[in-house]
Amino acid sequence: MNPRILERDPSDPQKQKKEGVNPLLKLVLELGPLMVFFFANARGAWLSQKFPALAELGGPIFVATGLFMAATAIALIASWLLTRTLPIMPMVSGVVVFVFGALTLYLQDDIFIKMKPTIVNMLFGGVLLGGLFFGKSLLGYVFDSAFSLDAEGWKKLTFRWGLFFLVLALVNEVVWRNFSTDAWVTFKVWGIMPITLLFTFSQMPLIMRHSLEGKTGNEEKAGK
């Protein structure tokens, strides 16, 4: 199935509502939970003193995990209220946060929350590469509203993103197993995002080469 089939009619009220969301607000919803996680881990002892109920969760990493789960839930609810849709990747990531966060708090073992990025990235990478094995460029179902690419473009982009997710999973394993908890939290918040942005921008030449909009524009110019 061509990913472009999923494109909605411009008059679709849900699409109009989604596009009307302020970009800054969207960024806050996506990065807010991570900022909460970083701050709570850095100031966990202070937060426990100010809010004694948080001390019941355990040390700073457990306080951070609990607040991370709460912030993730708030971000997903806000996203739903604003757009009446839940993006696939944040939704899947949120489910894993709740499951592994609950295990972290219940068992008082931070290994579970540290493994969460590994599980999520392996899941995304496995699904994307597995889809290609069965002839499906599944990335198109995620990014179809952002890009209009030909089949070859979606195939190449899906393959690259699949590998990238697996690399992120490997990097997370290396960091949390070989560095302190504080170093891992810092890398998770301030390292993964810049790496992801750089990778995204590095794919722009491929996107431009396979853009259907660019080809349509060139064909229209040639026909004049």
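These are my notebook entries on a predicted model of one protein.

**Ground rules**

I worked from a predicted model, where local features need pLDDT of at least 70, side-chain atom pairs count only at pLDDT 80 or more, and totals for chains, interfaces and linings use all residues. Residues are numbered from 1 along each chain as its sequence is written, and side-chain values use heavy atoms, with hydrogens and water left out.

**Overall fold**

I looked up the secondary structure first. The protein has 13 helices and 0 strands. I took helices (H or I, at least four residues) and strands (E, at least two) as DSSP runs, numbered from the N terminus. Next I looked up burial. Of the 224 residues, 36% count as buried. Buried means under 20% relative accessible area, exposed over 50%, and partly exposed in between, with a 1.4 Å probe and protein chains only. Then I turned to contacts, meaning heavy atoms within 4.5 Å. Among contacts with a separation of 6 or more, 70% come from residues 24 or more positions apart.

**Annotated spans**

I checked the UniProt record. The unreviewed entry places "transmembrane region" at residues 61–82, 88–107, 119–139, 159–176 and 183–202. Positions are given in the numbering used here, feature names are shortened, and such annotations may be inferred rather than shown by experiment. I examined two of these spans in the model. Residues 61–82 are 100% helix and 0% strand, with end C-alpha atoms 31 Å apart. Residues 88–107 are also 100% helix and 0% strand. Their end C-alpha atoms lie 29 Å apart.

**α5 against α6**

I looked at how helix α5 (residues 60–83) meets helix α6 (residues 88–107). Their axes come within 10 Å and cross at roughly 150°. Axes are lines fitted to C-alpha atoms, for helices over the stretch in contact; angles run from 0 to 180 degrees between N-to-C directions. The pair is therefore roughly antiparallel. The cut-offs are under 35 degrees for roughly parallel, over 145 for roughly antiparallel, 65 to 115 for roughly perpendicular, and oblique for the rest. α5 passes α6 in a left-handed crossing. Left-handed means the near helix is turned anticlockwise from the far one by less than a right angle; right-handed means clockwise. On the α5 side, the contact residues include F62, F68, M69 and L76. On the α6 side, they include M91, V97, F98 and L105. I noted the make-up of this contact as 11 nonpolar, 6 polar and no charged residues. Ala, Val, Leu, Ile, Met, Phe, Trp, Tyr, Cys and Pro count as nonpolar, Asp, Glu, Lys and Arg as charged, and the others, Gly among them, as polar.

**α9 against α11**

I then took helix α9 (residues 151–178) and helix α11 (residues 192–202). They pack at about 160°, with axes 12 Å apart. These two are therefore roughly antiparallel. α9 passes α11 in a right-handed crossing. R160, W161, F164 and L168 of α9 meet I192, I195, T196, F199 and T200 of α11. I recorded 6 nonpolar, 2 polar and 1 charged residue in this contact.

**Two buried positions**

I looked up N41 in helix α2 (residues 23–42). N41 is buried, at 8% relative accessible area. Beyond neighbours within four places in sequence, N41 contacts P60, I61, A64, T181, D182 and V185.

A75 is buried at 12% relative accessibility. Leaving aside neighbours within four places in sequence, A75 contacts L29 and P33. A75 and P33 are 42 residues apart along the chain, yet their C-alpha atoms are separated by 7.4 Å.
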